[in-house]
Amino acid sequence: MAFFLETLIGGLMAGMLYSLVALGFVLIYKASGVFNFAQGAMVLFAALAMARFAEWIPKWTGISSPIVANLAAFVIAGAIMFVVAWLIEKLVLRHLVNQEGATLLMATLGITYFMEGLGQTLFGSDIYKIDVGMPKDPIFMLDSLFQGGILVNKEDVIAAAIAAALVALLSVFFQKTSTGRALRAVADDHQAAQSIGIPLNRIWVIVWCVAGVVALVAGMIWGSKLGVQFSLTTVALRALPVVILGGLTSVPGAIIGGLIIGVGEKLSEVYLGPFVGGGIEIWFAYVLALVFLLFRPQGLFGEKIIDRV
Amino acid sequence: MLYRENGQFKTSYRADQQIFPIAQDRIAIALLLAVAFLVVPMLASDYIFRAILIPFVIMALAALGVNILVGYCGQISLGSGAFMAVGAYGAYNFFVRFPGMPLIPALILGGLCATFFGILFGLPSLRVKGLYLAVATLAAQFFSDWMFLRIKWFTNNSDSGSVSVNNLQVFGLPIESATSKYLFCLALLVVVALLAKNLVRGAIGREWMAIRDMDVAAAVIGIRPMYAKLSAFAVSSFIVGMAGALWAFVHLGAWEPAAFSVEISFRLLFMVIIGGLGSISGGFFGAAFIVVLPIVLNQFLPAFMGLFGIEVSTAGVSHAELMIFGALIVWFLIVEPHGLAKLWSTAKQKLRLWPFPH
């Protein structure tokens, strides 16, 4: 029982991190109808920038405090993501307005490749580490209930808390501010939003900026867990079934989808894996999402699409 | 001046609907085939065969298959690498488990395995489309990555999942030298390209295109989406599977599951985008481009940057390659969504009127 709970909690924690990456997908899809395949590359790019600046700033300025260095690196990486968002809007999206979803998807594939190449050219392609001072030691819970207690990673708990805070912040932003209202309006209907004077271009820049910051936070957390390296882009591939399961247009969907996928992955790996040779985590998530799609093509919280000729 | 169709009158519907209605095109294609089959084997060196020509021919075959699914039927697939893997390992199993199995039937059986796999993972396309489907096809990719690595039966109980074939021969002729490999792949490519061309200009090809352009409208006018989509998946994955088997058998000789990773799926999609969505010749252009570009970059980029006093490492070249691929894809999507094939046909159109633009 303790082992099961441990697996379950591990899955929930991993799921929270998947949701964080998935959130980036959902934000962009919600406000611009673009399925942003480049989210993984953005996570890598942001994490690389953060890791390198955290390393460079003490060297250049002589500041020795890691907190200041990390904070400055975070701000600089955030600023870089703003520039990236602006450039993407200016160079790519503006020219592809009103194209089909498939074309836009392929364009983001191009952006993915470009950013992977550029990120590694600018920041190097070794393994870097981000050290934001997260405690790594595990904690034991519910000692009295189970023999030996349940092992929980403190780092995971903090990461989950950050993710939850970010989600809460974003929901407030979407629901309460006028910019958030404008974003939702654009998501509903580009043309109608434009006709009442919402500047489409600016909205897109804002959305991509927000997605860039989400990517930065995700990159920071994943990076401090696994190290910053090229394989970080595969995190996005693991977050894709989350988006599909949760529905492309729903922020809560991304969260709950993430938790379901995280738990499903861990439980399947532990309880099903040994019978079929192990390593089934990654495709199990996809197949889970796929089977779900067969019954509800729009995902858990997605909007039902009505086709007209 | 030379490329004019004045005076070439068609007197029957049949003559009007030929693949190459203009006489100059027929001559050009015949010349091209003659060069590819006769002149190239005499001139090319072993290195050029192994590094450029054989990969180009096989990738062109695979791109042809992907183009049927993505370009003609509009079902975006990021799982082409999986279909190649299934074709390769399917053919391998038939080749190894049945003593005396000739090469061509093994390739075809491998293609049939891929067809089955393709239909299986094409089933979601009946319920979901576009972006959702693209992600769904990734499931095929990861599933096949896992399957060939972990299920030992498929790899004939080899430990690492790496397998090899040797003693390839067709009708008693050994396929060992680079020239014979090239000619074998080229012959297969020509046959399949001809079949594919006829398929896409026939009834079934028009059904695919109707589904691509607007599936709801297509269903309204009486095209069965299930039949059209699944047949596109079947034909496409058959061709891609055969290409995979060729890639493994003829080009690599010995391979492991990582040879057909998600990377190759992306590459194939790029070939189709850069070459031209929805055109048979597009696959050839795209494959040529994607096969040759890394080699050219490797040869010339360090030298070129050296002129400006910048040292470029091997890693730098591969990063530059990623950036150039990415930029090109975006550029093509914005400027010429129909790819190199469209540029080629525009050039031909201009030639017909040259030197008078109107």
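Trainee: Which helix gives the most to the lining of the second largest pocket?
Mentor: In this predicted model, helix H2 (23-43), helix H3 (46-72), helix H7 (178-200), helix H12 (280-307) and helix H14 (339-353) of chain B each supply at least two residues of that lining. With nine residues, the helix that gives the most is H2(B).

Trainee: How many residues line the second largest pocket, and which of them lie nearest its centre?
Mentor: The space in this pocket comes to about 1700 Å³. Its lining is made up of 49 residues, and those nearest the centre are Phe20(B), Ile29(B), Leu32(B), Ser281(B) and Phe284(B).

Trainee: By class, what residues has the lining of the second largest pocket?
Mentor: Tyr and Cys count as nonpolar here, and Gly counts as polar. On that basis the lining of the second largest pocket has 34 nonpolar, nine polar and six charged residues.

Trainee: How many cavities of 30 Å³ or more does a search of the whole structure find, and how much space lies in the largest cavity?
Mentor: The search of the whole structure finds three cavities of 30 Å³ or more. For the largest cavity, the space is about 40 Å³.

Trainee: Which helix gives the most to the lining of the largest cavity?
Mentor: The lining holds Pro241(A), Ile244(A), Tyr286(A), Ala289(A), Leu290(A), Leu293(A), Tyr132(B), Val135(B) and Ala136(B). Two or more of the lining residues come from each of H9 and helix H11 (281-295) of chain A and helix H6 (131-150) of chain B. By class the lining divides into nine nonpolar, no polar and no charged residues. The helix that gives the most, with four residues, is H11(A).

Trainee: Are H1(A) and H9(A) roughly parallel or roughly perpendicular to each other?
Mentor: The axes of helix H1 (residues 2-32) of chain A and helix H9 (residues 233-246) of chain A come within 8 Å and cross at roughly 75 degrees. Angles of 65 to 115 degrees count as roughly perpendicular. The two helices H1(A) and H9(A) are therefore roughly perpendicular.

Trainee: Which residues in H1(A) meet H9(A)?
Mentor: On the H9(A) side, the contact involves Val235(A), Ala236(A), Arg238(A), Ala239(A), Leu240(A), Val242(A) and Val243(A). By class, the contact of H1(A) with H9(A) has eleven nonpolar, no polar and one charged residues. In H1(A), the residues are Tyr18(A), Val21(A), Ala22(A), Phe25(A) and Val26(A).

Trainee: What is the handedness of the crossing of H4(B) and H5(B)?
Mentor: Helix H4 (residues 80-97) and helix H5 (residues 103-122) of chain B have axes that come within 7 Å and cross at roughly 135 degrees. That angle makes H4(B) oblique to H5(B). The crossing of the pair is right-handed.

Trainee: By class, what residues has the contact of H4(B) with H5(B)?
Mentor: Residues of H4(B) in this contact include Phe83(B), Gly87(B), Gly90(B) and Phe94(B), while those of H5(B) include Leu107(B), Gly110(B), Cys113(B) and Phe117(B). By class, the contact has 13 nonpolar, four polar and no charged residues.

Trainee: Is H11(B) roughly parallel or oblique to H14(B)?
Mentor: Helix H11 (residues 262-275) of chain B and H14(B) pack at an angle of about 20 degrees, with their axes 3 Å apart. Angles under 35 degrees count as roughly parallel. That makes H11(B), relative to H14(B), roughly parallel.

Trainee: Which residues in H14(B) does H11(B) meet?
Mentor: The residues of this contact divide into four nonpolar, two polar and no charged. From H11(B) come Ile273(B), Ile274(B) and Gly275(B), and they meet, in H14(B), Gly339(B), Leu340(B) and Ala341(B).

Key. Residues are numbered from 1 along each chain as its sequence is written. Chains are lettered from A and ligands numbered from 1 in the order in which they are written. This is a predicted model: local features need pLDDT of at least 70, side-chain atom pairs count only at pLDDT 80 or more; totals for chains, interfaces and linings use all residues. Side-chain values use heavy atoms; hydrogens and water are left out. Axes are lines fitted to C-alpha atoms, for helices over the stretch in contact, and angles run from 0 to 180 degrees between N-to-C directions. Angles under 35 degrees count as roughly parallel, over 145 as roughly antiparallel, 65 to 115 as roughly perpendicular and the rest as oblique. A crossing is left-handed if the near helix is turned anticlockwise from the far one by less than a right angle, and right-handed if clockwise. Contact means heavy atoms within 4.5 Å. On a 1 Å grid over the protein atoms alone, a cavity is a set of points where a 1.4 Å probe fits but cannot get out, and a pocket is an open set with protein on both sides within 12 Å along at least five of seven lines; lining residues have an atom within 4 Å of a point. Grid points are joined across faces, edges and corners, and a volume is the space filled by probe spheres set on the points.
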